[in-house]
Amino acid sequence: MAQPNTPNWMRPLWVRVLLCVLPAAWAGVELYNGNQFWGLMFAAVAAYGLWTQVIQYRPPEE
């Protein structure tokens, strides 16, 4: 959910989706190179970002 102090630059959907896609892409790079630990870490970051910034996001009331 959006907190009262959410910065304005995080309100557009494309920014929040980009914040999920970039770690997911990097997780793919790490897994492709055989680094399972870092691949799973970045996949977890991407999943958490997807959950908090896309699925549960509610715009703040102004």
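Is Phe-37 buried or exposed? At a relative accessibility of 52%, Phe-37 counts as exposed, where exposed stands for over 50% relative accessible area, buried for under 20%, and partly exposed for what lies in between (1.4 Å probe, protein chains only). The model examined here is a predicted one, in which local features need pLDDT of at least 70 and side-chain atom pairs count only at pLDDT 80 or more, while totals for chains, interfaces and linings use all residues. Residues are numbered from 1 along each chain as its sequence is written, and side-chain values use heavy atoms, with hydrogens and water left out.

The protein chain has 2 helices and 0 strands; both kinds of element are DSSP runs numbered from the N terminus, with helices (H or I) of at least four residues and strands (E) of at least two. With a radius of gyration of 13 Å, well over the 11 Å that the globule rule gives for 62 residues, the protein chain is more spread out than a compact globule. That radius is taken over C-alpha atoms, and the rule is 2.2 Å times the number of residues to the power 0.38. The C-alpha trace spans about 45 × 15 × 15 Å along its principal axes. Of the 62 residues in the protein chain, 24% are buried. Among contacts (heavy atoms within 4.5 Å) between residues at least 6 apart in sequence, 56% join residues at least 24 apart.

Arg-11 lies in the segment before helix 1 and is partly exposed, at 26% relative accessibility. Its C-alpha atom is 14 Å from that of Leu-50, although 39 residues separate Arg-11 and Leu-50 in sequence. Val-29 belongs to helix 1 and is partly exposed, at 35%; between Val-29 and Pro-60, 31 residues apart along the chain, the C-alpha distance is 35 Å. Asn-33 sits in the loop between helix 1 (13-32) and helix 2, and its relative accessible area of 52% makes it exposed. From Asn-33 to Arg-58, a step of 25 residues in sequence, the C-alpha atoms are 37 Å apart.

Helix 2 covers residues 36-55. An unreviewed UniProt entry places the feature "transmembrane region" at residues 37-55; such annotations may be inferred rather than shown by experiment, feature names are shortened, and positions are given in the numbering used here. The span 37-55 is 100% helix and 0% strand, and its end C-alpha atoms lie 26 Å apart.

What aromatic pairs does the structure hold? A search of the whole structure finds 2 of them, counting rings of Phe, Tyr and Trp (its six-membered ring) with centres within 6.5 Å, and calling planes under 30 degrees apart stacked, over 60 edge-to-face and the rest tilted. The rings of Phe-37 and Trp-38 have centres 5.1 Å apart and planes at 80°, so this pair is edge-to-face. Trp-38 also pairs with Phe-42, in a tilted arrangement with 6.4 Å between centres and 45° between planes. Trp-38 and Phe-42 both lie in helix 2, 4 residues apart, about one turn of the helix. Trp-38 is partly exposed at 46%, and Phe-42 is partly exposed at 28%.
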